[in-house]
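Take a look at the model below.

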There are 2 protein chains.
Amino acid sequence: MNKTSKTWSLAIAATAALAAGPAAAQFKNPDAAIEYRQGALAVMDNHYDRIGAMVKGKAPFDASAALANAELVATLARLPWSAFIEGSDKGDTNARPEVWSQPDKFKADAQKLQDAAARLVEAARTGKPDALKAAFGATAETCKSCHDDFRKKH
Amino acid sequence: MNKTSKTWSLAIAATAALAAGPAAAQFKNPDAAIEYRQGALAVMDNHYDRIGAMVKGKAPFDASAALANAELVATLARLPWSAFIEGSDKGDTNARPEVWSQPDKFKADAQKLQDAAARLVEAARTGKPDALKAAFGATAETCKSCHDDFRKKH
């Protein structure tokens with residue numbers, strides 16, 4: 001194991017601890033890890049979009065629903081990262097090799113989303129549509145930035 | 001709309017309110033709803049299995065990890081049910097037609113899981129492996145019961 005992959009393994013372990021357990025043996029195989037991270041991202045995306053519908057005026061503003069959705073986004077935002085395990089660069093995944101070759105940058109991007117999601121919850125707690133809209137936009141930037149560098153283009 | 005499907009629509013609406021928003025327009029299309037519910041169930045299953053590894057002696061007992069996993073199970077257990085929307089009986093799904101033809105029974109089964117997951121969190125809070133094991137087993141029964149009636153056999 002070279003220094004980079006060792007650093008990444010430690011980073012994965014640290015993130016996984018926050019995500020309820022050590023990374024080792026948390027996934028039956030790489031395909032299960034891919035299913036897990038895609039599942040977490042899909043559910044997160046759905047709840048994020050529900051806030052998006054409010055801030056874009058496509059759905060009525062509902063402060064309690066916004067908060068519930070933001071809390072789900074923040075909870076789910078913690079989860080995918082420990083699932084980018086060794087061997088899960090192959091298979092039914094849109095992850096680019098840079099996830100594994102630029103681990104520090106990937107980890108930093110993952111953290112930016114989690115920080116933005118925490119601020120999204122704070123904004124939702126204010127009950128103010130403008131605050132929610134600003135935090136929603138800031139969160140979207142973290143999604144886009146990470147996807148630009150680490151997700152395959154469709 | 002016949003009486004049964006109207007009752008089911010109301011049931012979906014009530015569940016969806018708990019899951020952060022009304023059911024209407026929360027999914028782009030039936031395929032997105034299928035992806036969402038399968039994602040939520042896959043992530044839930046993973047965290048449930050992490051508790052399973054502890055209660056089966058395959059992983060060391062870790063009270064804080066058990067609690068974090070149980071809380072994720074309880075959070076995720078609320079989500080799938082609003083995604084069994086009209087039209088999502090077709091496509092890449094293992095849901096049996098009974099989900100839509102026996103809506104009251106399906107809803108009751110979904111509630112049993114949520115109740116069991118809440119007790120799983122309580123058991124994890126005790127920090128006692130025996131309590132966790134008992135609650136884990138009780139939760140497993142709700143999974144099996146619902147799968148027996150509402151999931152296609154593989």
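Which residues of chain A are linked in a network of salt bridges? They are Lys105(A), Asp109(A), Lys112(A) and Asp149(A). A salt bridge here is a side-chain nitrogen of Lys or Arg within 4 Å of a carboxyl oxygen of Asp or Glu.

A word on the ground rules. This is a predicted model: local features need pLDDT of at least 70, side-chain atom pairs count only at pLDDT 80 or more, and totals for chains, interfaces and linings use all residues. Residues are numbered from 1 along each chain as its sequence is written, chains are lettered from A and ligands numbered from 1 in the order in which they are written, and side-chain values use heavy atoms, with hydrogens and water left out.

Read from the N terminus, its elements run α-α-α-α-α-α. Helices (H or I, at least four residues) and strands (E, at least two) are DSSP runs, numbered from the N terminus. Of the 154 residues in chain A, 43% are buried. Buried means under 20% relative accessible area, exposed means over 50%, and partly exposed lies in between (1.4 Å probe, protein chains only).

Lys105(A) forms a salt bridge with Asp149(A), with the closest N and O atoms 2.8 Å apart. This pair links distant parts of the chain: Lys105(A) sits in helix 5 (residues 103-126) and Asp149(A) in helix 6 (residues 129-150), 44 residues apart. Lys105(A) has a relative accessible area of 35%, so it counts as partly exposed. Asp149(A) is partly exposed as well, because its value is 28%.

The side chains of Arg125(B) and Glu71(B) meet in a salt bridge at 3.5 Å, N to O. Arg125(B) lies in helix 5 (residues 103-126) of chain B and Glu71(B) in helix 3 (residues 63-77) of chain B, so the pair ties together parts 54 residues apart in sequence. Arg125(B) is exposed at 55%, while Glu71(B) is partly exposed at 34%.

Asp109(B) and Lys105(B) also form a salt bridge, at 3.9 Å, N to O. These two are four residues apart in helix 5 of chain B, so about one helical turn separates them. Asp109(B) is buried, with a relative accessible area of 4%. Lys105(B) is partly exposed at 34%. Over all chains, the count comes to 13 salt bridges.

How do the two chains relate? A rotation of 180 degrees with 0.0 Å of shift along its axis superposes chain B on chain A, with an RMSD of 0.0 Å. The two copies are therefore related as by a two-fold rotation axis. In chain B, the C-alpha nearest the axis belongs to Gly39(B), 1.8 Å from it.

Last, the surface. Asp31(A), Glu35(A), Asp92(A), Asp45(B) and Asp49(B) form a negative patch. For charges, a patch joins like-charged residues within 9 Å that have over 30% relative accessible area and no salt bridge. Helix 2 (30-55) of chain A and helix 2 (30-55) of chain B each supply at least two residues of this patch. Asp49(B) is found in helix 2 of chain B. Its relative accessibility is 34%, so Asp49(B) counts as partly exposed.

Terms used: Patches are made of residues with over 30% relative accessible area and no salt bridge: like charges are joined within 9 Å, nonpolar side chains (Val, Leu, Ile, Met, Phe, Trp, Tyr) within 5 Å. Accessible areas come from the Shrake-Rupley method with a 1.4 Å probe; for residues, only the protein chains shown count as cover. Lys and Arg count as positive and Asp and Glu as negative; His and the chain ends are not counted. The place of a charge is taken as NZ of Lys, CZ of Arg, CG of Asp or CD of Glu. Copies are superposed by least squares on the C-alpha atoms of residues with pLDDT of at least 70 in both.
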